[in-house]
Amino acid sequence: MFARKILVVEDEKFIASNIRKSLQKLGYSVSQITKSGEEVIKKVAETHPHLVLIDICLAGEIDGIHVADIIQNQFHLPVVYLTDCSEYKTLHNNHLSEPFSYIVKPFIESDLHFTIEMALYKHQSKKILYEEKQRLGAIINSMGCAVIVTYTNGCIQMMNPRAELITGWKQSEVFGKDLVEIVSLVDKDIGEKIENLATDVIEAGEILNLPENCILITKDGKEIAIGDNIAPIRDRNGNITGTVLVFQDITKRKETEAQLMRNAFYDGLTALPNRVLFLDRLRQTIERSKRRSDYYFAVLFLDLDGFKEINDRFGHGIGDDFLVAIARRLESCLRGGDTVARFGGDEFTVLLEDIKDITDATNVAKRIQEALRSPLHLNGYELFTTASIGIAWNFSSYEEPATLLRDADIAMYRAKRQGKATYAIFS
C-alpha cells in the first residue's frame, strides 16, 4: 500500500523537523515542508498531497487560515490546523469547531495519527457522498420524466430540467416552497383540486398513483394531462426522509386513446355512435328496465328511401356528404339523453330512453319525417329523401338487444311495404 503524502506548513524549524520524523515513523510520506503561506499554493499544485498540515500563525503576509481556505476551495484537499493553546482559544469559535480539523501543540504521535486518519476518512466520505450526489443528479437530470423531490414537510428540494419544462417553473424559483404552490393539480373526473401529495404519501407511507385524469396547471395557466406517481424516500433504517414525484406529459397518449375510442365506438363518417356503442347502450337500458317496472324505452330503425339512386347519380362524395347532413338532422330531432347511431350504409338507429308510452316514440318518428322533408343543398344540388322507420318498444320484456333490433327491423320493412316515408310499430 502506498504511503499517503502530507504537506507540512510550519515556519519553526525544530517543530517542523519533529513533525516530519513523527509522520515518517507513522508511515506517511512528507512531500514538503514550507515556511510561509505564499509558498503553499505552489507546492500543493506541484506535489498533489493527500492532506495539508498547516500552522495557523505563519510568517509572511498570508496567515494559515487564509491559506487553508484557498486549499480547501480550489484544490478540495483536507486541511488539519496546527495550533497552540492560546491560538485555539482565540480561533475555536470561528475555524476550529469542526472535529478532527485541528491538533493542539504540543501533541503526541498517537493523537497526530488519529487526527490525520480521521481527517482523511472524513474527506474521503465527503468525496464519495459528493460524487454519489453528482451521479444521482446526472441520472435524474437525464431522465425523460419530470422529477420533483421534497423534504418531509412537503417543501421542494429539487426538480430536474424536464420538470422545469413541463411546469414552467425554474428550480431557483421553487426551492423551499410548498409542493402544492408549484404543482397545482386537478382531478378532472371529479373537478376538484388535489391537495399536497407529499403530505398524503408521507402519511400513507407508500407509493400513490396520480388520478387517471390528472391535470397540471402550469405557471402560465396552461392545462397539461400528466400521469405517474409519488413515492416516499426512505433511509437505510426505513425512515421517510422526503418524497419524489415522478410524472410525464401524457397529452399525446390521451389524444391517441381518445382517437382509438372514437375509432372503436363512433362512425368515422358521421361521428355518430356506431353499432358497437349503440348495442352497449341498449344493453344497459334493458338492464335498467329490469330494475324499474315503470321504465319504458323504444328503438327506431331507419332506412333512407332512395339513397342508392342519390349515390349512383351524384357519386359517393356527394353521398357521404348527404349522410353527414342527415346525421345532423337526426340529432336535432332528439333529446340530450337519447342516442342516434349509424348502423352502416344508409341505416340509422335511435334509442329513446325513459319514455311515457309508445306515443313518445311515434312523435319522434313524425318529427324525423318532418325534418327530412326539407331539401338538402350540397355542392349546388338540391337533394330530397324520406325514411322508412320501424319502432319496437319494451312492452314485452326483452332480454337481448339483438331481439329488439330484429323486431324494429321487421317493423321498418313493414313501413317500406306500406309505401315508404312512414313508420310502423312492431306488434
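The entries below follow the order in which I looked things up.

**Ground rules**

I am working on a predicted model, where local features need pLDDT of at least 70, side-chain atom pairs count only at pLDDT 80 or more, and totals for chains, interfaces and linings use all residues. I number residues from 1 along each chain as its sequence is written, and side-chain values use heavy atoms, with hydrogens and water left out. For helices (H or I, at least four residues) and strands (E, at least two) I take the DSSP runs, numbered from the N terminus.

**Cores**

I looked for nonpolar cores first. I define one as a set of buried Ala, Val, Leu, Ile, Met, Phe, Trp, Tyr and Cys residues joined through side-chain atoms within 4.5 Å. Buried means under 20% relative accessible area, exposed over 50%, and partly exposed in between (1.4 Å probe, protein chains only).

The largest nonpolar core has 34 residues. Leu-300, Leu-302, Phe-322 and Ile-368 touch the most other members. I then checked which elements supply at least two residues each; among them are strand 14 (296–305), helix 12 (307–314), strand 16 (347–355) and helix 14 (358–373). Helix 13 gives the most, with seven residues.

I listed the contacts of Phe-322, taking contact as heavy atoms within 4.5 Å. Leaving out residues up to four places away in sequence, Phe-322 touches Leu-304, Phe-307, Ile-310, Leu-376, Leu-378, Leu-383 and Thr-385. I also found a second, separate core of 24 residues, including Ile-182, Ile-224, Ile-230 and Phe-247.

**The parallel sheet**

Next I traced the strands. Strands of a sheet pair through backbone hydrogen bonds, either parallel or antiparallel. I count two strands as paired if DSSP finds at least two bridges between them.

Five bridges hold strand 1 (residues 5–9) to strand 2 in the parallel sense. Within this pairing, Val-8 is opposite Ile-33.

I then asked which helices cross these strands.

**Antiparallel pairs**

I moved on to strand 8 (residues 184–187). Strand 8 pairs with strand 11 (residues 214–217) in the antiparallel sense over four bridges. Here Ser-184 has Ile-217 as its bridge partner. Strand 8 also runs antiparallel to strand 9 (residues 192–194), joined by three bridges. The hairpin of strand 8 and strand 9 has four residues between the strands, and Gly-191 takes a positive phi near 70° there.

**Rings**

Rings of Phe, Tyr and Trp (its six-membered ring) pair if their centres lie within 6.5 Å; planes under 30 degrees apart count as stacked, over 60 as edge-to-face and the rest as tilted. My search of the whole structure found six aromatic pairs.

The ring centres of Tyr-296 and Trp-393 are 5.8 Å apart and the planes stand at 50°, so I log this pair as tilted. Tyr-296 is in strand 14 and Trp-393 in strand 19, so the pair ties together parts 97 residues apart in sequence. Tyr-296 is partly exposed at 28% relative accessibility. Trp-393 is buried, at 17%.

Phe-301 and Phe-343 pair edge-to-face, 6.0 Å centre to centre with 75° between the planes. Both Phe-301 and Phe-343 are buried. Ring pairs link Phe-278, Phe-301 and Phe-343 into a cluster.

The peptide bond from Lys-105 to Pro-106 is cis, with omega near -5°. Pro-106 sits in the loop between strand 5 and helix 5 (109–142). His-48, which is not a glycine, has a positive phi near 50°. His-48 is exposed, at 56% relative accessibility. Asn-379 has a positive phi of about 55° and is not a glycine. Asn-379 is exposed too, at 64%.
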